[in-house]
Amino acid sequence: MQSLGKESEAAIKKDQQYLWHNITPYSEANPPMIAASASGSWVTDIDGNKFLDGMSGLWCVNVGYGRKELAEAAYNQLLSLPYFPLTQSHMPAIALAEKLNEWLEGDYVIFFSNSGSEANEAAFKIARQYQQQIGQHYRHKFIARYRGYHGSSLGALSATGQAQRKYKYEPLVAGFLHVAPPDSYRRPAGMTVEEFNLQCAQAIEDTIVWEGVETVAAVIMEPVITGGGVIVPHQVYLDRVQEICRKHGVLLIIDEVICGFGRSGRKFGHQNFGIKPDIVTMAKGLTSAYLPLSATAVRKDIYEAFKDNSDSYGHFRHVNTFGGNPAACALALRNLEVLEQENLVERADILGQRLYSGLSGLLEHKLVGDIRSFGLVLGIELVADKATKQPADLDTVKGIIADCKAKGLIIGKNGDTVAGFNNVLTVAPPLSSTDEDIQFIVETLTAVLNGSWAE
Ligand code: PMP
């Protein structure tokens, strides 16, 4: 379907001379795709080849590509007020904060930044300072999960539980601890999913107690581990985690960077479980990635602890020059309107179920150990041996992804090469995908897996 044309060849030469890519290893044998335009769920490269973006970029283009109304919202705002710092204020930030509060169904105050990593950094600083401000001076530790991802900056990377992303940069920030995630597929024989999830939640309480209750500031987790392998918890897990946090005075930070903005089939992922986080971080789908913007939503009464300015150190001493840029806020507001007007949150759930039922037959395939889905996120866990659940090797995973790309479908994978868990294919197309787009994903993945990979 696609070939490396003349345009690409010339551009790749320059690309390799001047551009340092995110995460992807430099390789002449595997040149990058150079995108030129996109519409809906489809991206066209500079040679005119078309691909269905089954990953919405990096899990972020929730409303799909080519939305004129989003571009116009930013353009109009750039003309009237392109910038003003949020040490003061402006109307797009106020309007967006009000809207986010409505979406969160709680009483939250919003701090804006530009990326998911920064939203989490702000959350960590707020959590530590809040604990100090209420007299809990030793509470500085954070508990996160192995396999979770929370960002690339040093604090967010410290919270991340994927060795491959961390070990070259260690030692990282002190005070971040990890526990095992509720990976029910790999639970011990004889244990029910519910029992196993309760055991995983208990590991958090045990860690809090063993570390010393008065030293732990917060727990951070995604509602569902997405990039770390689509690990979907049982309801009892999040119920219990919330209960443990409340019991021990530990804040619960929920990272909605991927799960937010309809991806989960609800406005925010945690709403599927009925929990009420103390702090919610978000990015990606907030603007559908049309412009950089992220947010840290903080429960109102936590914010109140920062209000007393009689001591000059009482307020949150954190500044972000670009965070809450007026054009990004205006665009985000329009993005939320599109999600609402086109019922894309509900559609994510419908499309997710269709994707799952279209692909569930692959559970019979010798390489497929498990298929998990949550809203419009799907993970296919590949194994070398179904009995032992030994993860499939990286060449197999990469080979399947390359074969899908050759047929015009972009899919992703989780990554922890060091720990050996890089065996989950991931699919998360735009929430605006058409029925035909979903059918194309189902047919292409099925054809690839049932082709040479079935032998
Ligand atoms: N949290 C989660 C759950 C993420 O998936 C990501 C990015 N993939 C981040 C945080 C960091 O976001 P960013 O890349 O915008 O810093």
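Start at helix α9, residues 235–248: its 14 residues reach 21 Å from first C-alpha to last, close to the 20 Å expected at 1.5 Å a residue. That expected span is 1.5 Å times one less than the number of residues. Helices here are DSSP runs of H or I with at least four residues, strands are runs of E with at least two, and both are numbered from the N terminus.

Before going on, this is a predicted model: local features need pLDDT of at least 70, side-chain atom pairs count only at pLDDT 80 or more, and totals for chains, interfaces and linings use all residues. Residues are numbered from 1 along each chain as its sequence is written.

Back to α9. Y237, L238, R240, V241, Q242, I244 and C245 are buried, where buried means 20 or more other C-beta atoms within 10 Å of the residue's own, with C-beta atoms placed from the backbone. An α-helix has 3.6 residues a turn, so residues three or four places apart point the same way. What do the buried residues of α9 pack against? They pack against α8 (193–211), β7 (216–221) and β8 (251–255); contact means C-beta atoms, placed from the backbone, within 7 Å. After the helix comes G249, with a positive phi near 70°.

V219 touches V241 and C245, and also I143, I204, V250, L252 and I253, leaving out residues up to four places away in sequence.

Domain 1 (6–63 + 343–454) and domain 2 (68–341) each supply at least three; the bounds come from an automatic or database domain assignment.

Now some strands. β2 (42–45) and β3 (50–53) run antiparallel, joined by three bridges, and T44 has K50 as its bridge partner. They form a hairpin with four residues between them, and G48 in the turn has a positive phi of about 95°. β3 also pairs in the parallel sense with β14 (409–410), over two bridges; L52 partners L409. Pairing requires at least two DSSP bridges between the strands.

Finally, the whole chain. Buried residues make up 48% of the 455 residues.

How values were computed
Two residues are in contact if their C-beta atoms, placed from the backbone, lie within 7 Å. A residue is buried if 20 or more other C-beta atoms lie within 10 Å of its own, exposed if 12 or fewer, and partly exposed in between; C-beta atoms are placed from the backbone.
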